[in-house]
Amino acid sequence: MSVLFLPEVQQYFQELETLLFEMEYFSFEEFAVRYVQELILDIRDTLPLRPSKKAPPYFKRYGKDLYYAVFRKNKTTQWYVFYNHYWNDGEVHLLVCYISNNHIVSQHL
């Protein structure tokens, strides 16, 4: 089983590194980069193992038949990863279509 990311999600991760540093969530840019890298690795390594739920209708703008899983990174921030299941040659692939955090989308879940 593999975890893949849409180009829009990959772009979001790059922008997130800059945003976290510029908004002073991290004092040093390398800490922001490390935070995002660890988030990506956590998603790649554990998404297939995590409990997931069917995404509410609000999120259909990001894809059809989405599921989501929660990744808690600290006491105040949870990341919601929205993805689809795809089958290719008998193997399941998870395609991450959207990612956001509780500060932005929790009211829709």
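## Basis

The model is predicted, with local features needing pLDDT of at least 70 and side-chain atom pairs counting only at pLDDT 80 or more, while totals for chains, interfaces and linings use all residues. Residues are numbered from 1 along each chain as its sequence is written, and side-chain values use heavy atoms, with hydrogens and water left out.

## Nonpolar cores

The largest nonpolar core has 22 residues. A nonpolar core is a set of buried Ala, Val, Leu, Ile, Met, Phe, Trp, Tyr and Cys residues joined through side-chain atoms within 4.5 Å. Buried means under 20% relative accessible area, exposed means over 50%, and partly exposed lies in between (1.4 Å probe, protein chains only). The residues with the most contacts inside this core are Phe5, Phe13, Ile43, Leu47, Phe71, Val96 and Ile99. Two or more residues each come from strand E1 (2-5), helix H1 (7-22), helix H2 (29-46), strand E3 (67-72), strand E4 (78-88) and strand E5 (91-101). Helices (H or I, at least four residues) and strands (E, at least two) are DSSP runs, numbered from the N terminus. H2 gives the most to the core, with six residues.

Setting aside residues up to four places away in sequence, Phe71 touches Leu39, Asp42, Ile43, Thr46, Leu47, Arg50, Thr77, Gln78, Trp79 and Val81. Contact here means heavy atoms within 4.5 Å. A second, separate core has 10 residues, among them Tyr80, Leu95, Cys97 and Val105. In soluble globular proteins, nonpolar side chains tend to be buried together.

## The H1-H2 pair

Two packed helices are described by the angle between their axes and the distance between the axes. The axes of H1 and H2 come within 8 Å and cross at roughly 140°. Axes are lines fitted to C-alpha atoms, for helices over the stretch in contact, and angles run from 0 to 180 degrees between N-to-C directions. The crossing is right-handed. A crossing is left-handed if the near helix is turned anticlockwise from the far one by less than a right angle, and right-handed if clockwise.

On the H1 side, Phe13, Leu16, Glu17, Leu20 and Phe21 take part, and they meet Glu29, Ala32, Val33, Tyr35, Val36, Leu39, Ile40 and Ile43 of H2. By class, this contact has 11 nonpolar, no polar and two charged residues. Ala, Val, Leu, Ile, Met, Phe, Trp, Tyr, Cys and Pro count as nonpolar, Asp, Glu, Lys and Arg as charged, and the others, Gly among them, as polar.

His93 lies in strand E5 and counts as buried because its relative accessibility is 16%. A polar contact of 2.5 Å joins its side chain to that of Ser2. A polar contact is a pair of N or O atoms within 3.5 Å; within protein, one must be able to donate a hydrogen and the other to accept it, and residues adjacent in sequence count only if both atoms are side-chain atoms. Beyond its neighbours within four places in sequence, His93 is in contact with Ser2, Leu4, Asn84, His85, Tyr86 and Asn88.

Gln78, in strand E4, has a relative accessible area of 19% and is therefore buried. The side chains of Gln78 and Arg72 form a polar contact of 3.3 Å. Not counting residues up to four places away in sequence, Gln78 touches Val70, Phe71, Arg72, Ser100, Asn101 and Asn102.

Val70 is found in strand E3; at 31% relative accessibility it counts as partly exposed. With residues up to four places away left out, Val70 touches Arg50, Gln78, Trp79 and Tyr80. Val70 and Lys60 are 10 residues apart in sequence and 18 Å apart from C-alpha to C-alpha.

His103 is in helix H3 (residues 102-105) and is exposed, with a relative accessible area of 53%. The side chain of His103 reaches the backbone oxygen of Thr76 at 3.2 Å. Not counting residues up to four places away in sequence, His103 touches Thr76 and Thr77. The C-alpha atoms of His103 and Ser27, 76 residues apart along the chain, are separated by 21 Å.

## Positive phi in loops

Glu24, in the loop between H1 and H2, has phi near 65°, a positive value in a residue other than glycine. Glu24 counts as exposed at 68% relative accessibility.

Asp89 is found in the loop between E4 and E5. Its phi is positive, about 55°, although Asp89 is not a glycine. At 79% relative accessibility, Asp89 counts as exposed.
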